[in-house]
Amino acid sequence: KKLYNGKRCYMEIMENKSITKWSAKDLMDFKNYYTLIDMPYISNLEEEYKNLTSKQYFYLIATNGMHKDEQQIASIMGINYNTIRSIKSRIKSKKQE
């Protein structure tokens, strides 16, 4: 069931649909599903960063793994460019030394 939901979420992102109504569970199911698609990338994120939130994982997966640009991601997440900058800054602060 989790995999089915994760795949549904993944397909919505591929179609640039909004995630504004997603629950925290939807974000986790998406990440877990994406792990099956590209486990080395997710493992690398887990080694490179500490304590990323679900939305931070989403941003990194969408930009680097799914090749969405910041404008697409802002639209998908229902946020503006300043919020994207904030997400990027918070991700950078979690980078392991």
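This is a predicted model: local features need pLDDT of at least 70, side-chain atom pairs count only at pLDDT 80 or more; totals for chains, interfaces and linings use all residues.
Let us start with how the helices meet. Two packed helices are described by the angle between their axes and the distance between the axes. For helix H5 and helix H6 (residues 81–93), the axes come within 10 Å and cross at roughly 100°. H5 is therefore roughly perpendicular to H6, since angles from 65 to 115 degrees count as such. On the H5 side, the contact is made by Glu70, Ile73, Ala74 and Met77, while H6 contributes Tyr81, Ile84, Ile87 and Lys88. Sorted by class, this contact of H5 with H6 holds 6 nonpolar and 2 charged residues, with no polar ones.

Helix H6 also packs against H4, at an angle of about 100° and with the axes 10 Å apart. H4 and H6 are therefore roughly perpendicular to each other. Here Gln56, Tyr59 and Leu60 in H4 meet Ile84, Ile87, Lys88, Arg90 and Ile91 in H6. The residues of the contact of H4 with H6 divide into 5 nonpolar, 1 polar and 2 charged.

The aromatic rings come next. The model contains 6 aromatic pairs. One of them joins Tyr10 and Tyr34, whose ring centres lie 6.3 Å from each other, with 35° between the planes, a tilted arrangement. This pair links distant parts of the chain, as Tyr10 sits in helix H1 and Tyr34 in helix H2, 24 residues apart. Are these two tyrosines buried or exposed? Tyr10 has a relative accessibility of 15% and so counts as buried, and Tyr34, at 3%, counts as buried too. The cut-off behind both labels is a relative accessible area under 20%.

A further pair is formed by Trp22 and Phe30, with ring centres 6.0 Å apart. Their planes stand at 50°, so this pair is tilted. Trp22 and Phe30 are both buried. Seen together, ring pairs link Tyr10, Trp22, Phe30, Tyr33, Tyr34 and Phe58 into a cluster. Another ring to look for is that of Tyr57, which has Lys31 lying over its face, at 4.4 Å from the ring centre.

Helix H2 also holds Asp26. Asp26 is a charged residue by class, and at 12% relative accessibility it counts as buried. Which residues does Asp26 touch, not counting those up to four places away in sequence? The answer is Asn5, Arg8 and Cys9.

Although Asn16 is not a glycine, its phi is positive, at about 60°. Asn16 has a relative accessible area of 35%, so it is partly exposed. A positive phi is also found at His67, another residue other than glycine, where the value is near 60°. His67 lies in the loop between helix H4 (54–65) and helix H5 (70–77). With a relative accessibility of 63%, His67 counts as exposed, because the label applies over 50%.

Two further loop residues show how positions along the chain relate to positions in space. Gly78 has its place in the loop between H5 and H6. Its relative accessible area is 53%, so Gly78 is exposed. How far apart in space are Gly78 and Ile19, C-alpha to C-alpha? They are 7.4 Å apart, although 59 residues separate them in sequence. Thr53, in turn, lies in the loop between helix H3 (39–48) and H4. Thr53 is partly exposed, with a relative accessible area of 37%. Between the C-alpha atoms of Thr53 and Ser86, the separation is 13 Å, and the two residues are 33 residues apart along the chain.

Methods. Residues are numbered from 1 along each chain as its sequence is written. Side-chain values use heavy atoms; hydrogens and water are left out. Buried means under 20% relative accessible area, exposed over 50%, partly exposed in between (1.4 Å probe, protein chains only). Helices (H or I, at least four residues) and strands (E, at least two) are DSSP runs, numbered from the N terminus. Rings of Phe, Tyr and Trp (its six-membered ring) pair if their centres lie within 6.5 Å; planes under 30 degrees apart count as stacked, over 60 as edge-to-face and the rest as tilted. A charge sits over a ring if NZ of Lys or CZ of Arg is within 6 Å of the ring centre and within 35 degrees of the ring normal. Axes are lines fitted to C-alpha atoms, for helices over the stretch in contact, and angles run from 0 to 180 degrees between N-to-C directions. Angles under 35 degrees count as roughly parallel, over 145 as roughly antiparallel, 65 to 115 as roughly perpendicular and the rest as oblique. Contact means heavy atoms within 4.5 Å.
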